[in-house]
Amino acid sequence: MAFVSELFDELRDLLNDAADAQVPFATKKLFLNNGIRRMFPHVYRVVTDSTLAIVAATYDYAIPATLGDGFVISVELETSNASGVFQRLNGYDVIVGDEDLQSILRIERLLPEVGSKIRVRAVRPIPVIVAAAYAASQSEVWTGPDEAIHLPALYAMGMCAIRKLDDRQDTTRYSTTQALNGVTDQDIMTASQVWFSQFEAELAE
């Protein structure tokens, strides 16, 4: 089991910002959540709902809120009421909604016994981080694939690098090769592009 605090640990380490002095915790959370949203539909979680029950002479059913705006990948029908045995259904259609209009599951075959359950599986985005502080993030479970837990930090680094960080444009550092103090805007944009490119490359894999 992984916790979302690992995302903050990685980001803090890459930024050398363990105390959240350069980039506040709330900003880190914002950038990490944007990275989590950016991963869908390449990286997702599978959610199952079996709360729908067959109603007499009814072929249209609102897709449960637990499946939200996910993509339906399978529909199964219970062979009879309370049998607990499900069979894959091919004769169905999904009438897609949006954030304001619920999607509809339409059954396109003879209905089984009234009361029989419909089991729907869908792929959904990974939930964003809700913890308001680092201590809370240590108990918030990461529900995405473990192998993708580092990806939001790469995206967040791209966002952090493009910011005007205090210790990136000061006059206390001197470049002996360019005879310049600090760094240029082009340096910052290049650093940001490196992180975004790494994020996109690993996301594609």
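Me: Which residues does Glu76 touch, leaving out those up to four places away in sequence?

Reply: This is a predicted model. In it, Glu76 touches Phe86, Gln87, Arg88, Leu89, Lys117, Ile118, Arg119 and Arg121, with residues up to four places away in sequence not counted. Glu76 itself sits in strand 3 (residues 71-78).

Me: Is Glu76 buried or exposed?

Reply: Look at relative accessibility. Buried means under 20%. Glu76 has 12%, so it counts as buried.

Me: Which side chains make polar contacts with the side chain of Glu76?

Reply: One is the side chain of Arg119, at 2.8 Å. Another is the side chain of Arg121, at 2.9 Å.

Me: Next, nonpolar cores. Which residues of the largest one touch the most other members?

Reply: In soluble globular proteins, nonpolar side chains tend to be buried together. Here the largest nonpolar core has 28 residues, and Leu7, Leu32, Met39, Ile129, Trp142 and Leu151 touch the most other members. Helix 1 (5-15), helix 2, helix 4 and helix 5 are the elements that give this core two or more residues. Helix 4 gives the most, with seven residues. Apart from this core lies another, of 14 residues, including Leu52, Leu67, Leu89 and Val120.

Me: What does Leu32 touch?

Reply: Leaving out residues up to four places away in sequence, Leu32 touches Leu7, Phe8, Leu11, Ile129, Pro152, Ala153 and Ala156.

Me: Which residues of helix 5 are buried, and where do they lie around the axis?

Reply: The buried ones are Ile188, Ser192, Phe199 and Leu203. They cover an arc of only 40 degrees around the axis, so they lie on the same side of helix 5. Helix 2 (25-39) and helix 4 (151-162) are among what covers these buried residues. The face turned away from the buried side carries the exposed residues Val194 and Ala204.

Me: Last, strand 6. Which residues form its covered face?

Reply: Strand 6 (residues 104-107) has Leu105 and Ile107 on the covered face. Ile104 and Arg106 are on the uncovered one.

Me: Which strands pair with strand 6, and in what sense?

Reply: Strand 2 (residues 60-62) runs antiparallel to strand 6, joined by three bridges. In this pairing, Tyr61 stands opposite Leu105. Strand 5 (residues 92-95) also pairs with strand 6 in the antiparallel sense, over four bridges. There, Asp93 has Arg106 as its bridge partner.

Note on methods
Residues are numbered from 1 along each chain as its sequence is written. This is a predicted model: local features need pLDDT of at least 70, side-chain atom pairs count only at pLDDT 80 or more; totals for chains, interfaces and linings use all residues. Side-chain values use heavy atoms; hydrogens and water are left out. Buried means under 20% relative accessible area, exposed over 50%, partly exposed in between (1.4 Å probe, protein chains only). The arc is that of the directions from the helix axis to the C-beta atoms. Contact means heavy atoms within 4.5 Å. Two strands pair if DSSP finds at least two bridges between them. A polar contact is a pair of N or O atoms within 3.5 Å; within protein, one must be able to donate a hydrogen and the other to accept it, and residues adjacent in sequence count only if both atoms are side-chain atoms. A nonpolar core is a set of buried Ala, Val, Leu, Ile, Met, Phe, Trp, Tyr and Cys residues joined through side-chain atoms within 4.5 Å.
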